[in-house]
Amino acid sequence: MTNDMELQLKGYGLTTAQILYRMPDHPALLQTYIWQHYDIAPDFPEMRSFLKFWQETLDGPLHSVRYVHRKLISASEWRALKGEFIVH
């Protein structure tokens with residue numbers, strides 16, 4: 001099983017964030033960065049960790065962050081099957 005599938009089965013969903021930040025040399029200009037990772041709503045520990053890294057390490061100060069979150073597999077969509085079909 002892939003790591004992404006394991007995360008989804010543990011309750012992680014896909015989070016996409018649009019980060020607007022100010023250019024270090026030209027603070028009047030905004031630049032966009034798109035971040036996408038599996039994360040858990042509503043606390044979003046992965047995104048908070050990334051934003052903390054950004055603020056501590058990178059020069060461009062954050063202007064705003066917009067995000068969306070979607071669970072790709074929910075409890076009603078996943079079920080174990082007890083049968084097997086053999087073709088040929």
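Gln 8 is buried, with a relative accessible area of 11%; buried means under 20% relative accessible area, exposed over 50%, and partly exposed in between (1.4 Å probe, protein chains only). The model is predicted: local features need pLDDT of at least 70, side-chain atom pairs count only at pLDDT 80 or more, and totals for chains, interfaces and linings use all residues. Residues are numbered from 1 along each chain as its sequence is written, and side-chain values use heavy atoms, with hydrogens and water left out.

Gln 8 lies in helix 1 (residues 3-9). Helices (H or I, at least four residues) and strands (E, at least two) are DSSP runs, numbered from the N terminus. The side chain of Gln 8 makes a polar contact with that of Tyr 38, at 3.1 Å. Such a contact is a pair of N or O atoms within 3.5 Å; within protein, one must be able to donate a hydrogen and the other to accept it, and residues adjacent in sequence count only if both atoms are side-chain atoms. Beyond its neighbours within four places in sequence, Gln 8 is in contact (heavy atoms within 4.5 Å) with Tyr 38, Leu 72 and Ile 73.

The chain has two helices and three strands. Along the sequence they follow the pattern α-β-β-α-β. The three strands form an open sheet in the order 2-1-3, with antiparallel pairing. Two strands pair if DSSP finds at least two bridges between them. Strand 2 (30-39) and strand 3 (62-70) are the edge strands, each pairing on one side only. From one strand to the next, the twist averages 15 degrees. Strand 1 and strand 3 are joined by eight bridges. Ile 19 has Val 65 of strand 3 as its bridge partner. Helix 2 packs on the sheet and touches strand 1, strand 2 and strand 3. Its direction makes about 145 degrees with that of strand 2. Axes are lines fitted to C-alpha atoms, for helices over the stretch in contact, and angles run from 0 to 180 degrees between N-to-C directions.

The largest nonpolar core has nine residues, including Ile 19, Tyr 21 and Trp 54. Such a core is a set of buried Ala, Val, Leu, Ile, Met, Phe, Trp, Tyr and Cys residues joined through side-chain atoms within 4.5 Å. Strand 1 (13-22) and helix 2 (45-57) each give two or more residues to this core. Helix 2 supplies the largest share, four residues. Tyr 21 touches Trp 54 and Pro 61, among others.

Buried residues make up 20% of the 88 residues in the chain.
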